[in-house]
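Open the model in your viewer and show it as a cartoon.

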Amino acid sequence: MKTLRNLLLGLLTGSAAFAATAAQTYPVKPVEVVVAYQPGGGSDNTARAIADVARHHLPESVYVSNKPGASGSIGWSYVLAGKPDGYKVLLMNPEMLFVPLMGIGKATIADFQPIARFTDDPSSITVRADAPWNTIEEFIAYARANPEAVTISNAGNGTIPHLAAAALADSIGATFTHVPYQGSSPAIMGLMSGDVKATTVAYAELKQHVESGKLKTLAVMSAQRLQGLPQVPTFKERGHDLQFSVWRGIGLPKGAPEEALSTWREVARKVYETPAFQKSVVSQNLTLAWADTPEFSADIARQDQAFKELMKKLNLKQ
């Protein structure tokens with residue numbers, strides 16, 4: 001009799017524990033935010049700023065891991081590996097749109113559900129302060145007249161600065177010599193040291209050097225002139241509709257639970273609205289640019305189509 005009573009008690013206890021577990025809401029374990037690049041760059045710093053605030057709005061911890069390699073495709077594939085249960089959040093960036101088109105990796109933007117965008121920084125054509133060109137027209141004229149003489153640094157093969165420079169060359173009918181570096185900071189240092197003649201790194205990432213008088217930006221690749229750079233024209237104004245920017249947001253693999261998607265959408269807004277997060281982003285010379293799920297998804301879809309058309313022209317396959 002006692003044995004039967006113990007058995008029934010055990011069953012009831014087990015059922016209660018199961019019900020309690022089932023009633024728990026996402027997340028019930030730590031969440032990993034994956035950065036597909038090395039520590040220390042803009043993407044890594046943005047992810048850590050997001051995680052620092054997000055952990056205050058979730059019942060479980062949030063941590064960042066770096067999975068660099070193959071122009072980002074190793075990190076993207078890592079997030080897709082296993083069940084899409086919502087416990088691997090990806091720090092998304094525009095390279096996801098065109099690196100697969102270069103024949104690198106198998107993960108594509110179609111494998112992910114965008115949630116929110118936090119920053120957006122247009123590319124630019126920036127040269128040393130002592131360069132002989134003071135306008136973008138002078139730079140373009142020189143590049144056309146001197147094929148391959150203009151060396152342009154970028155943040156690595158298959159990055160937005162690389163694509164931006166290739167698209168510029170195609171648009172103006174010039175031939176540049178592309179010089180890849182391992183990230184934006186080394187690409188900027190390459191320009192400042194005189195190893196290259198120009199860079200297409202985002203203006204925000206070299207802003208301090210322009211303001212200190214060491215570099216000068218000739219044009220930006222945005223739809224409108226930048227708020228802090230009103231005297232510098234856009235390429236669109238000069239007849240070349242070139243719009244390239246480095247944006248950063250978060251997303252989950254397609255098939256992730258609706259609860260995870262809705263939770264992170266809510267958390268993302270809270271993160272963005274937190275003064276500490278905004279201060280952290282601005283201190284990195286990045287530009288705050290909020291986009292909720294519908295706007296972020298629509299913008300990615302537009303860029304995806306544009307990149308597909310552009311990559312056919314540029315023939316940048318590895």
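How many of the 13 residues of α6 are buried? Keep in mind that this is a predicted model. Select helix α6, residues 160-172. Eleven of its 13 residues are buried, so the rest of the structure largely encloses α6. Colour the buried ones: Ile160, Pro161, His162, Leu163, Ala164, Ala165, Ala166, Ala167, Leu168, Ala169 and Ile172. Buried here means under 20% relative accessible area.

Next, check the length of α6. At 1.5 Å a residue, 13 residues should span 18 Å. The end C-alpha atoms of α6 are 18 Å apart, so the model agrees with that expectation. Step past the end of α6 to Gly173, where phi is positive, near 75°.

Now go to strand β6, residues 151-154. In a regular strand, side chains alternate between the two faces of the sheet. Show the side chains of β6: Thr151 and Ser153 lie on one side, Ile152 and Asn154 on the other.

Finally, select strand β8, residues 198-199. β8 runs parallel to β6, and two bridges join them.

Definitions and conventions: Residues numbered from 1 in each chain as written. Predicted model: local features only at pLDDT ≥ 70, side-chain atom pairs only at ≥ 80, totals over all residues. Heavy atoms only, no water. Buried < 20%, exposed > 50% of the residue type's maximum accessible area, 1.4 Å probe, protein only. Helix = DSSP H or I, 4+ residues; strand = E, 2+ residues; numbered from the N terminus. Right-handed = clockwise from strand over helix to strand, strands pointing away. Pairing = 2+ DSSP bridges. Expected span 1.5 Å × (residues − 1).
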